[in-house]
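Please keep the structure open while you read.

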Amino acid sequence: MRKKIVAGNWKMNTTLAEGIELAKEVNEKVKAAAPAGVKVIVGTPFIHLADVNRLATDIEVAAENCAAEAKGAYTGEVSAAMVKSTGCKYVILGHSERRAYYGETNEILVKKVALALENELDVIFCIGEVLEEREAGKHFDVVKKDIVEGLFNLTAEQFGHIVLAYEPVWAIGTGKTATSEQAEEMHKFIRSVVAEKYGEQVADDTTILYGGSCNAKNADELFSMPNVDGGLIGGASLKADDFMTIITARNNH
Ligand code: PGA
């Protein structure tokens with residue numbers, strides 16, 4: 001079944017002490033508000049995962065990445081099994097910052113997704129076009145290519161453990177959000193791409209999040225769209241009050 005999800009992506013922000021404080025605040029607010037229909041996830045830096053998982057009673061925890069190899073001589077890398085051992089249920093993969101700054105290709109992502117699923121982590125898989133691609137009218141092709149190359153080797157059963165996050169790169173951290181019509185148009189398209197491969201039922205059950213300057217002010221409008229199932233929230237997830245407003249907006253629709 002399709003889920004309503006609001007996931008935070010803290011990126012490379014907060015020291016351990018700050019992260020624990022923020023996670024506690026979010027957890028308490030979610031506990032108090034009890035937004036019954038929404039799954040709340042916080043994506044934190046690796047070193048925070050174990051501590052945040054220990055305190056998380058009303059929220060889930062995601063890593064922001066994992067290694068493309070299972071184990072061994074890969075200095076500085078963190079494996080999917082290690083992420084799982086901290087108590088995480090989710091891992092964010094293919095974020096545009098990983099693709100752009102760390103050379104993450106769909107080929108690498110296929111390996112990461114496989115390891116995540118082997119370790120029983122659900123994957124929040126990010127896709128989205130850059131501004132030049134949108135201006136050239138190539139945004140649908142670009143998004144489809146990343147889905148096909150990154151995910152369509154999976155069985156339908158495995159695909160059930162994928163949450164898609166459409167994040168137009170031009171909207172990330174820029175304060176320039178996609179309009180709700182642009183988001184809806186792309187989410188509908190993404191669902192049709194999934195349907196071509198796995199059928200209508202799987203497509204209907206797939207959770208598709210919007211990300212890119214989604215904030216306390218525009219979340220309500222974005223979540224009113226029938227194919228926008230929730231959000232992947234960067235900057236606004238670092239402020240517990242704003243994040244809670246977004247969660248409430250999701251719960252209200
Ligand atoms: P933003 O980031 O909300 O700060 O634009 C979203 C993301 O990169 O996941």
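Which residues in α5 meet which residues in α7? On the α5 side they are N106, V110 and V113. On the α7 side they are K145, D146, E149, G150 and L151. The model is predicted.

**Helix pair α5 and α7**

- Helix α5 covers residues 106-118, and helix α7 covers residues 139-151.
- The two pack at an angle of about 50°, with their axes 8 Å apart. That angle makes α5 oblique to α7.
- The crossing of α5 and α7 is right-handed.
- By class, three nonpolar, two polar and three charged residues make up the contact of α5 with α7.

**Helix pair α1 and α12**

- Helix α12 spans residues 240-252 and packs against α1 at an angle of about 35°. The axes of α1 and α12 are 10 Å apart.
- This crossing, of α1 and α12, is right-handed.
- From α1, the contact takes in L22, E25, V26, K29, V30 and A33. From α12, it takes in A240, D241, F243, M244 and I247.
- Eight residues in the contact of α1 with α12 are nonpolar, three are charged and no residue is polar.

**Buried site: T206**

- T206 sits in the loop between α10 (200-205) and β7 (208-211).
- Is T206 buried or exposed? T206 has a relative accessible area of 4%, so it counts as buried; the cut-off for buried is under 20%.
- A polar atom of the T206 side chain lies 2.7 Å from the backbone oxygen of V202.
- Beyond its neighbours within four places in sequence, T206 contacts R2, F159, I162, L164, R191, V194 and D229.

**Buried site: N227**

- N227 belongs to the loop between α11 (219-223) and β8 (230-233).
- With a relative accessible area of 11%, N227 is buried.
- Leaving aside residues within four places in sequence, N227 is in contact with R2, E184, H187, K188, R191 and I208.

**Buried site: A183**

- A183 is placed in helix α9, residues 180-198.
- A183 has 0% relative accessibility and therefore counts as buried.
- Which residues does A183 touch, not counting those up to four places away in sequence? They are A178, Y210, L222 and V228.
- How far apart are A183 and L22 in space? The C-alpha to C-alpha distance is 29 Å, and the two residues are 161 residues apart in sequence.
- L22 is one of the α1 residues that meet α12.

**Positive phi**

- Most residues other than glycine have a negative phi.
- K11 is not a glycine, yet its phi is positive, at about 60°. K11 lies in the loop between β1 (4-9) and α1 (16-33).
- E120 is also a residue other than glycine, and its phi is positive, near 60°.
- Where is E120 found? E120 is in the loop between α5 and β5 (122-127).
- E120 is exposed, with a relative accessible area of 60%. The cut-off for exposed is over 50%.

Methods:
Residues are numbered from 1 along each chain as its sequence is written. This is a predicted model: local features need pLDDT of at least 70, side-chain atom pairs count only at pLDDT 80 or more; totals for chains, interfaces and linings use all residues. Side-chain values use heavy atoms; hydrogens and water are left out. Axes are lines fitted to C-alpha atoms, for helices over the stretch in contact, and angles run from 0 to 180 degrees between N-to-C directions. Helices (H or I, at least four residues) and strands (E, at least two) are DSSP runs, numbered from the N terminus. Angles under 35 degrees count as roughly parallel, over 145 as roughly antiparallel, 65 to 115 as roughly perpendicular and the rest as oblique. A crossing is left-handed if the near helix is turned anticlockwise from the far one by less than a right angle, and right-handed if clockwise. Contact means heavy atoms within 4.5 Å. Ala, Val, Leu, Ile, Met, Phe, Trp, Tyr, Cys and Pro count as nonpolar, Asp, Glu, Lys and Arg as charged, and the others, Gly among them, as polar. Buried means under 20% relative accessible area, exposed over 50%, partly exposed in between (1.4 Å probe, protein chains only). A polar contact is a pair of N or O atoms within 3.5 Å; within protein, one must be able to donate a hydrogen and the other to accept it, and residues adjacent in sequence count only if both atoms are side-chain atoms.
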